[in-house]
Amino acid sequence: MGNLLEHIGIEKDRLHFSWISSAEATKFVKVAKEVTESVKALGPNNRLVKKLG
Amino acid sequence: MDSLTDKIRTLCTGLLKDGKVDMIVGFKKGTIPMSSCPCVARTPEQAKELIWDSNCTLNLANYLTNRKEKIGVVAKGCDSRNIVNHIIENKVTRENLYIIGVPCDGMVDKRKIRALFNDDITLFSEENNKLFVETASEKKELDKQDFLKNNCTTCIHRNPVIYDELAADPVEEQKIENRFADVIKIENMSSDDKWNYFNDLIKDCIRCYACRNACPLCYCPTCFVDESNPQWVGKGQDINDVRTFHLLRAYHCAGRCTDCGACEEACPMDIHVRAFTRKLVKDSCEIFDWEPGLDPNKRPALDTFNPDDPDGFIK
Amino acid sequence: MKVIKIDKQNWTGGIDKSRENYQIFGPVKDKEHFVFKKLNLKEYPDMENALSVLSPKSILFPQSEKILAASLDESQDDHHIMKRVATDYSPRAVIGIMPCDAKAVQLVKLNFDTDDYRDPYWCDAYEATTFVGLAVNKPSIYDFTLSMGSGPFAEEGLDVLLVDCKDHFLAKVLSEKGDAFLKASGFTSEADADKSAKLINEIKNQAEKAIDAEKVKTEKLKEKSLLELHGASFWEDLSFSCINCGTCTFVCPTCWCFDIQDETKGKKAVRFRNWDSCMSPLFTLHASSHNPRAEKVQRVRQRFMHKLKYFVDKYDQGTMCVGCGRCVVHCPVNIDIREICNTMNSYEAEQA
């Protein structure tokens, strides 16, 4: 799915996959930070966003 | 080609006469030049209408599901792979089918041929890899090889992978240098270019769903775009809704698509819809070493878990 | 009958002049095929009678048309009140429409403009439109208009009929609207009425000869029993190849069915209508989940019975097919309305 989205022009860094156990608080924080930073770097997304009429 | 037609007719007439099948699914001649019509033959008489030529482009696996009869089916390489898919997905049983395999040397792209002429094509015939095409004012002899459908030019499974009988000797499989050159070209684009490329690709889509309905994989009782209670996808011509349709339909075909090209063949707006599915064909090939529709006894890539599946995308 | 002579060298100049008063629509090549669309400055209609994939019906009846809108902001007095959206109904001219497509508009009018109901969106667009047709000198091999009450030179539904006479067009003025358009384009040079009528007739006869009017027969459709045709056994085999896509209905100039949809986002709500297709099971799905046309064979039968029998019986205006040939060309599985029409026309009830 990630590959196909990237293929049609959704930047790779907008979609993240991760496996975090409920015991891995530090990892959760780390991943959340990474996600936020990489999405922020890309700026707001206008793709695949429907505007009405 | 004529000998193939004869052979198919003889085989099918025999099957019907001997009561080995209740019906044959094959092609009959179309009513306009460069066309064919999927048809059913229930009597030896009707089996005489069956034909085979380079216009038998659609995928007959599409016509086999939800039937009770014992069916004889005429199947080229890609059709046979979709029959294997159907068997794996429990849409048909092997015992209920009699497969007449047709080794295939590619189907012709009627759009490429029409583009050569100013007038309507009035006559089309073929012999030994030569095509003879006529309009009211012109006549051309063409090499079939130059006018194959795009998916046929990269096909490496021309011979049926499953059959009860072959209508001809197997053909030599193509050795393709770079099978996914078209996909790689898109992969190398920037995100903006990719986005624009696919926008331009689907801008003419009229959502007639011919691509979906011609596809043997698309057999969901209710397609996600037809869900109405509640509705899942907007039904207008908003490009985001159109894109959602193409994107999700493609993804539903991941690890199942045989690149038979029926979707593109059916599209009235000449949209290169395979641009979506080709990426998935390439990925399933490269990531999982999986080519769908080759072996009814193997579970598909997206249906199985292996501890050594590549997982580079998960952090 | 007034006939105007238009030298081809003055053609684009005239089109440009008409833009002062009209929005111009016409066929142009886009990628590999022809489409009817609103033409921008410097865009001119293709005048070669190329068969566009989609018919020009979309000019009056867009595939997806916003019709009403409302605000969902409860602080507004008129929140949740649906109001008609502003649409540009200033005069428009469709140039290069084929005569059969213009007839199709008249058939669609039977549905959208009746004594009981008047569809404001379609009717307003219709009234704003001048139809400048282009006679078909060289009919395509798919053209069976002569069998369907139209023809390459038919005038029904047109305001002007242009006839291509090599270095010039002869423009037959068929209505006041047509006259006004030609004047607005600066095309005012009247041709000799008798001479031009003779020339047009010659070209017309030549064009009509290219179509075998006997190939598709419709004369017995009316007298056939509706129930017997409905119950005929041929539908099963005829519908076998159908994949139930909407191609035939979408490319058809006379298919008029639509679906109403509401969408909301934030404080905005819009209602719009989309082309619908009787080929889709969803078309007849009831809220109760019952579907009276759940099977493919029922849907295929519906389409052809509607065009070639129900319509014939209800309106007594011929078939709801004008013979343009689009569905014949574009059906992915070669379901050919010409053959089905003949099958229906020659059908004799089977012995019980």
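**Three chains and their contacts**

Tutor: Helices α7(B) and α9(B) are roughly perpendicular to each other. The model is predicted.

Student: At what angle do helix α7 and helix α9 of chain B pack?

Tutor: The helices concerned are α7, residues 191-202 of chain B, and α9, residues 239-252 of chain B. Their axes are 10 Å apart. An angle from 65 to 115 degrees counts as roughly perpendicular, and α7(B) and α9(B) are therefore given that description. The packing angle is about 95 degrees.

Student: Which residues of α7(B) and α9(B) make the contact?

Tutor: From α9(B) come B:I239, B:V242, B:R243 and B:H246. By class, the residues of this contact are four nonpolar, two polar and one charged. The residues on the side of α7(B) are B:W195, B:N199 and B:I202.

Student: Which element gives the largest share of the side of chain B that touches chain A?

Tutor: Nine residue pairs are in polar contact between chain B and chain A, both residues being at pLDDT 80 or more. On the side of chain B, at least two residues each come from α6 (181-187), α7, α9 and α11 (274-288). The largest share is seven residues, and the element that gives them is α9(B).

Student: How much area is buried between chain B and chain A?

Tutor: The contact involves 26 residues of chain B and 21 residues of chain A. Carbon and sulfur atoms give 62% of the buried area, and the total is about 2,100 Å².

Student: Which residue of chain A meets the side chain of B:D241 in a salt bridge?

Tutor: Chain B and chain A share two salt bridges. For the pair with B:D241, the distance from N to O is 2.6 Å. A salt bridge requires a distance within 4 Å, so the pair qualifies. The partner of B:D241 is A:K50.

Student: Which residue of chain C is in polar contact with the side chain of A:K50?

Tutor: A:K50 lies in the segment after α2 (25-42) of chain A. With residues up to four places away in sequence left out, A:K50 touches B:G234, B:D238, B:N240, B:D241, C:E263 and C:K265. The polar contact with chain C is between side chains, at 2.6 Å, and the partner is C:E263.

Student: How much area is buried between chain C and chain B?

Tutor: This contact takes 46 residues from chain B and 37 residues from chain C. Carbon and sulfur atoms give 55% of the buried area, which is about 3,200 Å².

Student: In chain C, which residues lose the most area to chain B?

Tutor: The area buried between chain C and chain B is about 3,200 Å². Together, the residues asked for make up 20% of what the side of chain C buries, and they are C:F240, C:I243 and C:N334.

Student: How many charged residues are on the side of chain C that touches chain B?

Tutor: Between chain C and chain B there are 14 residue pairs in polar contact, both residues at pLDDT 80 or more. The elements of chain C that give two or more residues to this side include α7 (234-240), β10 (258-265) and α11 (337-345). By class, this side has 15 nonpolar and twelve polar residues, and the count of charged residues is ten.

Student: Which residue of chain B forms a salt bridge with C:D237?

Tutor: Three salt bridges are counted between chain C and chain B. In the one with C:D237, the closest N and O atoms are 3.2 Å apart, and the partner is B:R42.

Student: Is the peptide bond from B:N229 to B:P230 cis or trans?

Tutor: B:P230 is in the loop between α8 (210-214) and α9 of chain B. The omega of the bond from B:N229 to B:P230 is near 0 degrees, and the bond is cis.

Technical notes
Residues are numbered from 1 along each chain as its sequence is written. Chains are lettered from A and ligands numbered from 1 in the order in which they are written. This is a predicted model: local features need pLDDT of at least 70, side-chain atom pairs count only at pLDDT 80 or more; totals for chains, interfaces and linings use all residues. Side-chain values use heavy atoms; hydrogens and water are left out. Contact means heavy atoms within 4.5 Å. Buried area is the accessible area (1.4 Å probe) that two parts lose on being put together, summed over both. A polar contact is a pair of N or O atoms within 3.5 Å; within protein, one must be able to donate a hydrogen and the other to accept it, and residues adjacent in sequence count only if both atoms are side-chain atoms. Helices (H or I, at least four residues) and strands (E, at least two) are DSSP runs, numbered from the N terminus. Ala, Val, Leu, Ile, Met, Phe, Trp, Tyr, Cys and Pro count as nonpolar, Asp, Glu, Lys and Arg as charged, and the others, Gly among them, as polar. Axes are lines fitted to C-alpha atoms, for helices over the stretch in contact, and angles run from 0 to 180 degrees between N-to-C directions. Angles under 35 degrees count as roughly parallel, over 145 as roughly antiparallel, 65 to 115 as roughly perpendicular and the rest as oblique.
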